[in-house]
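Look at the fold below before reading on.

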Amino acid sequence: AQGIGTFAVRLFIEEFTKNFEIRQIGAFTYDSNSASIALLNSLDFKLVENFSEDGIGSSYFELQRLELY
């Protein structure tokens, strides 16, 4: 079963891709936010880059296979 966050983000992606011609969606999160990272991974977002923002470990993810939604 998926959580409410996964459901909400999946619904957002579905609606967003219906209304706009986009090729990818990006998401930033802090490395310490394991729930956000797990959600992005469960929705097939791929890690693109790890970096430091104001001394805090951060990550950038992208979803590129939007035809699945």
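T6 has a relative accessible area of 14%, so T6 is buried; buried means under 20% relative accessible area, exposed over 50%, and partly exposed in between, with a 1.4 Å probe and protein chains only. This residue lies in helix α1. Apart from neighbours within four places in sequence, T6 is in contact with L39, S42 and L43, where contact means heavy atoms within 4.5 Å.

The model is a predicted one, in which local features need pLDDT of at least 70 and side-chain atom pairs count only at pLDDT 80 or more, while totals for chains, interfaces and linings use all residues. Residues are numbered from 1 along each chain as its sequence is written, and side-chain values use heavy atoms, with hydrogens and water left out.

Now take the overall plan. The protein has 2 helices and 3 strands; helices (H or I, at least four residues) and strands (E, at least two) are DSSP runs, numbered from the N terminus. Read along the sequence, these elements follow the pattern α-β-α-β-β. Of the 69 residues, 25% count as buried. Among contacts between residues at least 6 apart in sequence, 52% join residues at least 24 apart.

Next comes the sheet. The 3 strands form an open sheet in the order β1-β3-β2, with antiparallel pairing; two strands pair if DSSP finds at least two bridges between them. β1 and β2 (46-53) stand at the edges with a single partner strand each, so one side of each has no neighbour in the sheet. On average, neighbouring strands of this sheet are turned by 25° against each other, direction ignored. For such angles, axes are lines fitted to C-alpha atoms, for helices over the stretch in contact, and angles run from 0 to 180 degrees between N-to-C directions.

How many bridges join β1 to β3? There are 6, and the two strands run antiparallel. One of the residues involved is G26, whose bridge partner in β3 is E62. β2 and β3 also run antiparallel and are joined by 7 bridges. F51 stands opposite S58 in β3. Helix α2 (residues 34-42) packs on the sheet and touches β1 and β3; the direction of this helix makes about 155° with that of β1.

In a regular strand the side chains alternate between the two faces of the sheet.

What lies in the interior? In soluble globular proteins, nonpolar side chains tend to be buried together. Here the largest nonpolar core has 10 residues: I13, I25, A27, I37, L39, L40, L43, F45, F61 and L63. Such a core is a set of buried Ala, Val, Leu, Ile, Met, Phe, Trp, Tyr and Cys residues joined through side-chain atoms within 4.5 Å. β1, α2 and β3 each supply at least two residues of this core, and the largest share, 3 residues, comes from α2. L40 shows some of the links: leaving aside neighbours within four places in sequence, L40 is in contact with A27, T29, F45 and F61.

The aromatic rings can be followed separately. Rings of Phe, Tyr and Trp (its six-membered ring) pair if their centres lie within 6.5 Å; planes under 30 degrees apart count as stacked, over 60 as edge-to-face and the rest as tilted. By this rule there are 4 aromatic pairs. F12 and F16 form a stacked pair, 5.3 Å centre to centre with 25° between the planes. The two residues are 4 apart in helix α1, so about one helical turn separates F12 and F16. F12, at 47% relative accessibility, counts as partly exposed, and so does F16, at 27%. Another pair is F28 and Y60, with ring centres 4.7 Å apart and planes at 40°, so this pair is tilted. F28 lies in strand β1 (residues 25-30) and Y60 in strand β3 (residues 56-63), so the pair ties together parts that are 32 residues apart in sequence. F28 is exposed, with a relative accessible area of 60%, whereas Y60, at 15%, counts as buried. F12, F16 and F20 form one aromatic cluster.

The structure holds 1 salt bridge, meaning a side-chain nitrogen of Lys or Arg within 4 Å of a carboxyl oxygen of Asp or Glu. The side chains of E15 and K18 meet in it at 3.3 Å, N to O. Both residues lie in helix α1 (residues 4-19), 3 residues apart, which is about one turn of the helix. At 36% relative accessibility E15 counts as partly exposed, while K18, at 61%, counts as exposed.
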